[in-house]
Amino acid sequence: MGTESSAAEIDLLRSQIPFQSDGELVLPPQDGGGVGLVLVDVSNGFCTVGAGNLAPAAPNKQIEKMVGDAARLARLFCDRSWPIFAFLDCHFPDKPEPPFPPHCIIGSGEENFVPDSGIQLMIYSDNNTRDDGLKSWLLLVVSQISIECAALKWLESDPNVVIKRKHCIDGYISSIEKDGSSSFADWVAKHQIKTILVLGICTDICVLDFASSALAARNIGRLPPLQDVVVYSEGCATYDLPVEVAMDMKGAVAHPQDLMHHIGLYMAKGRGAKVVDWVVLEPSA
């Protein structure tokens, strides 16, 4: 993307398929209020520059923003012992996933969480609030203090986190075990989760498929007591394959990043998800 003409085309698309944001998700300061965090494929194979066939070839701001927000929210949830369910794409060498090239193969390292990266994160401060005319909430993105930290690899040893290595695009389907049980449904029931907050990559593929399936399962009573699926727009990202690049690649389908990110959010909203632009923490009384 990046050119004035490309930006104009995206604006034109958005004007044809607009959707209204649901604003913000407010997290209570103490018990979590029945909210669970779901992370989708925040792994080397999709996020670390040069890590594999579907990883970014160069630093990518949208993906870096998603990784930073995922790490920030994961730390918030773990510090408060709130539940997290993390999907990690993981494939056997002899089981391809068409139409995509080989990726996240077991043993390659692509299938693991984004490691120590020194990314710029933001930490919390009680001195920064936002007032929208109704109430003042403590923003999670409040202090510009940079810290050196592991992105998400630390989640592997955190007892608060359930990790599901998925073998297909749709994490909900992958969580269905051979005996018909569902590790994801069990997690929702165990923690009495009424709202899932979804972040990850790719907005229009794995995130969308999971959100759609979770909503369908909720609608037929397969995920009690789940009520809402919330997709955090700034905490999602997708890959970039511009038209001009795809034209020179046999069999490739163009995938302009900003365009497909918008379409993924639009489709999730159309399926019944709430799409929010902010995740904020209600200050303690």
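In this predicted model, strands β7 and β8 (residues 228-237) pair in the parallel sense over 6 bridges. From β7 the chain crosses through helix α6 (residues 203-219) to β8, and this β-α-β crossover is right-handed. Both strands belong to an open sheet of 6 strands with parallel pairing.

- The order of the strands is β6-β3-β2-β7-β8-β9.
- The edges are formed by β6 (161-166) and β9 (274-276), each of which pairs on one side only.
- On average, neighbouring strands of this sheet are turned by 25° against each other, direction ignored.
- Strand β2 (residues 35-40) is paired with β7 in the parallel sense, over 6 bridges.
- Within that pairing, G36 has I196 of β7 as its bridge partner.
- In β9, V275 stands opposite V231.
- As a general point, the strands of a sheet pair through backbone hydrogen bonds, in either a parallel or an antiparallel way.

**Strand β7**

- Strand β7 spans residues 195-201 and is mostly covered, with 7 of its 7 residues buried.
- T195, L197, L199 and I201 point one way from the strand, while I196, V198 and G200 point the other way.
- The residues on both faces of β7 are buried.

**The nonpolar core**

- The largest nonpolar core has 71 residues.
- The members that touch the most other members are V38, L39, L155, F184, I196 and L197.
- Helix α3 (residues 61-79) supplies the largest share of this core, with 10 residues.
- Leaving aside neighbours within four places in sequence, L197 is in contact with L25, V35, G36, L37, V38, L73, V230, Y232 and V279.

- Helix α8 (residues 257-271) lies across β8 and β9, and it runs at about 175° to β8.
- D209 lies in helix α6 and is partly exposed, with a relative accessible area of 30%.
- D209 counts as partly exposed because its 30% falls between the 20% limit for buried and the 50% limit for exposed.
- Apart from neighbours within four places in sequence, D209 is in contact with I169 and D170.
- D209 and I173 are 36 residues apart in sequence, and their C-alpha atoms are 9.4 Å apart.

**Cysteines**

- A search of the whole structure finds 0 disulfides.
- The cysteine sulfur nearest to that of C202 belongs to C206 and is 6.4 Å away.
- C202 is in no disulfide, because a disulfide needs a pair of cysteine sulfur atoms within 2.5 Å.
- C202 is buried, with a relative accessible area of 7%.
- C236 is buried too, with a relative accessible area of 2%.

**Backbone features in loops**

- The peptide bond from P98 to P99 is cis, with omega near 10°.
- P99 lies in the loop between β3 and β4 (129-131).
- C104 also has its place in the loop between β3 and β4.
- Although C104 is a residue other than glycine, its phi is positive, near 50°.
- C104 is buried, with a relative accessible area of 0%.
- P224 and P225 are joined by a cis peptide bond, with omega about 0°.
- P225 is placed in the loop between α6 and β8.
- D41 is not a glycine, yet it has a positive phi of about 60°.
- D41 sits in the loop between β2 and α2 (44-47).
- At 0% relative accessibility, D41 counts as buried.

Conventions: Residues are numbered from 1 along each chain as its sequence is written. This is a predicted model: local features need pLDDT of at least 70, side-chain atom pairs count only at pLDDT 80 or more; totals for chains, interfaces and linings use all residues. Side-chain values use heavy atoms; hydrogens and water are left out. Buried means under 20% relative accessible area, exposed over 50%, partly exposed in between (1.4 Å probe, protein chains only). A nonpolar core is a set of buried Ala, Val, Leu, Ile, Met, Phe, Trp, Tyr and Cys residues joined through side-chain atoms within 4.5 Å. Helices (H or I, at least four residues) and strands (E, at least two) are DSSP runs, numbered from the N terminus. Contact means heavy atoms within 4.5 Å. Two strands pair if DSSP finds at least two bridges between them. A crossover is right-handed if, with the strands pointing away from the viewer, the path from the first strand over the helix to the second runs clockwise. Axes are lines fitted to C-alpha atoms, for helices over the stretch in contact, and angles run from 0 to 180 degrees between N-to-C directions.
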